[in-house]
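Here's a quick briefing to read with the model open in your viewer. Take a look at the fold, then go through the points below.

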Amino acid sequence: MSSPLIPCSSIGKHSIQRNDENRTLIVDNVMIKFTPTEYRLIMLLIGSQVISDTDFVQIGFRCQVGTQGRVNLDKHMDNLRSKLRLSGLNIHRVAKYGYVLLPSSE
């Protein structure tokens with residue numbers, strides 16, 4: 001990667017760096033590449049507490065919450081979880097509140 005890595009807040013015991021130009025996260029030694037929309041969504045979770053569905057849809061998809069926004073969010077959350085699987089991180093649903101990025105359950 002030609003552009004510098006930017007350190008992010010650790011999540012559990014996992015160190016995280018990001019490269020905004022390449023839309024990449026490095027979790028410990030695992031590099032994960034994201035699409036532009038996935039990267040906007042994962043950046044909302046990095047260093048944050050719980051992020052609401054409304055914030056995800058409005059910021060991630062740049063639209064209002066509705067049925068299609070919910071379908072898009074669910075699809076992208078599944079894709080993000082798949083990409084994060086080998087990194088030791090996972091996106092957890094916090095009932096009625098939203099999502100949070102945490103270490104995977106062992």
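In what sense do strand 2 and strand 3 pair, and over how many bridges? They pair in the antiparallel sense, over four bridges, with strand 3 covering residues 24-27. Bear in mind that this is a predicted model.

**Strands 1 and 2**
- Strand 1 takes in residues 6-11 and strand 2 residues 14-19, and the two run antiparallel with four bridges between them.
- Ile6 has Arg18 in strand 2 as its bridge partner.
- The two strands make a hairpin with two residues between them, and Gly12 in that turn shows a positive phi of about 60°.

**Strands 2 and 3**
- Arg18 turns up again here, standing opposite Leu25 in strand 3.
- Gln17 sits opposite Ile26 of strand 3.
- Four residues lie between strand 2 and strand 3 in this hairpin, and Arg23 in the turn has a positive phi of about 50°.

**Strands 3 and 4**
- Strand 4 spans residues 30-33 and pairs with strand 3 in the antiparallel sense, again over four bridges.
- Val27 finds its bridge partner in Val30 of strand 4.
- Strand 3 and strand 4 form a hairpin with two residues between them; the turn residue Asp28 has a positive phi of about 55°.

**Burial along strand 3**
- Both faces of strand 3 are covered.
- Thr24 and Ile26 are buried on one side, while Leu25 and Val27 are buried on the other.

Technical notes. Residues are numbered from 1 along each chain as its sequence is written. This is a predicted model: local features need pLDDT of at least 70, side-chain atom pairs count only at pLDDT 80 or more; totals for chains, interfaces and linings use all residues. Side-chain values use heavy atoms; hydrogens and water are left out. Two strands pair if DSSP finds at least two bridges between them. Buried means under 20% relative accessible area, exposed over 50%, partly exposed in between (1.4 Å probe, protein chains only).
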